[in-house]
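Colleague: I have some questions about this model. Can we go through them one at a time?

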Amino acid sequence: MDTSTEYNQIIDHCRTLFIKKTIDYGTSWRVMRPTSITDQIFIKAQRIRTLEVKKVSKVGEGVIEEYIGIVNYCVIAMVQLDLGVEGNLDLETREAENRYDEKIRETRELMLAKNHDYGEAWRDMRISSLTDLILTKLHRVKQIEDNNGQTLVSEGLQANYQDMLNYAVFALIKLGLPAKTL
């Protein structure tokens, strides 16, 4: 399969879960400040790293579910950057879907451009390295948040969330998620 097809399959799976949770819970995530979303992504990435080291999960869910969570929380983070935490906390399911699709479209375009320039180097990487890259990006995001979103020469928050989302999708591809959902 080609990267674009695999990427789309992963996103379809993540999107379906996002929509189902939106139907169940509404957009309760709208109450979260960006720093809280960053910490939620950190919890998931740190759990993946712990599972990679210990090789045993005591609560049942494994790394696949955590990477899916990272994808969806990165989308949530980008939507929150656009909307802020003030104002209407309830989005209609259709609006939440549209915003999800918009952020994925932007992030997919970035992936395709970088994938072209880097020659799909991620395919030869270890999954643990993708986890470490996500954790590195999280530390960068925390620093940017601590600096009130200001950077001197570095990418901003959205670019870091997009990179983390793409690393999580690459990990899911390497873990064989497209084949597991067919």
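Predicted model: local features only at pLDDT ≥ 70, side-chain atom pairs only at ≥ 80, totals over all residues.

Colleague: How are α3 and α6 oriented to each other?

Modeller: Helix α3 covers residues 63-83 and helix α6 covers residues 157-174. Their axes are 9 Å apart, and they pack at an angle of about 160°. Angles over 145 degrees count as roughly antiparallel. So α3 and α6 are roughly antiparallel.

Colleague: Is the crossing of α3 and α6 left-handed or right-handed?

Modeller: The handedness describes how α3 and α6 cross. For this pair the crossing is left-handed.

Colleague: How many nonpolar, polar and charged residues make up the contact of α3 with α6?

Modeller: From α3 come residues including Ile-64, Tyr-67, Ile-68, Val-71, Cys-74 and Leu-81. They meet a set in α6, among them Leu-157, Gln-158, Tyr-161, Gln-162, Leu-165 and Leu-172. By class, the contact of α3 with α6 holds 18 nonpolar, two polar and no charged residues.

Colleague: How many residues of α3 are buried?

Modeller: The helix α3 reaches 30 Å from its first C-alpha to its last, close to the 30 Å expected at 1.5 Å a residue. It is mostly covered. Of its 21 residues, the buried ones number 15.

Colleague: What span does α1 reach from its first C-alpha to its last?

Modeller: Helix α1 runs over residues 3-25, which is 23 residues. At 1.5 Å a residue, 33 Å is expected. The span reached is close to that, at 32 Å.

Colleague: Is Tyr-7 buried or exposed?

Modeller: Tyr-7 sits in helix α1. Its relative accessibility is 0%. Buried means under 20%. Tyr-7 therefore counts as buried.

Colleague: Which residues does Tyr-7 touch, not counting those up to four places away in sequence?

Modeller: Contact here means heavy atoms within 4.5 Å. With neighbours up to four places away set aside, Tyr-7 touches Thr-107, Arg-108, Met-111, Leu-165, Asn-166, Val-169 and Ile-173.

Colleague: How are α4 and α6 oriented to each other?

Modeller: Helix α4 covers residues 93-118. Its axis and that of α6 are 10 Å apart, and the packing angle is about 75°. The range from 65 to 115 degrees counts as roughly perpendicular. So α4 and α6 are roughly perpendicular.

Colleague: How many charged residues are in the contact of α4 with α6?

Modeller: Residues of α4 including Lys-103, Glu-106, Leu-110 and Lys-114 meet residues of α6, among them Gln-158, Asp-163, Asn-166 and Phe-170. By class, the contact of α4 with α6 has five nonpolar and four polar residues, and its charged residues number four.

Colleague: Is Glu-120 exposed or partly exposed?

Modeller: Glu-120 lies in the loop between α4 and α5. Its phi is near 55°, a positive value in a residue other than glycine. Relative accessibility is 27%, so Glu-120 counts as partly exposed.

Colleague: Where is Asn-148 found?

Modeller: Asn-148 has a phi near 55°, a positive value in a residue other than glycine. At 67% relative accessibility, Asn-148 counts as exposed. Its place is the loop between α5 and α6.

Conventions
Residues numbered from 1 in each chain as written. Heavy atoms only, no water. Axes fitted to C-alpha atoms, helices over the stretch in contact; angles between N-to-C directions. Helix = DSSP H or I, 4+ residues; strand = E, 2+ residues; numbered from the N terminus. Parallel < 35°, antiparallel > 145°, perpendicular 65-115°, else oblique. Left-handed = near helix turned anticlockwise from the far one by under 90°. Nonpolar A, V, L, I, M, F, W, Y, C, P; charged D, E, K, R; others polar. Expected span 1.5 Å × (residues − 1). Buried < 20%, exposed > 50% of the residue type's maximum accessible area, 1.4 Å probe, protein only.
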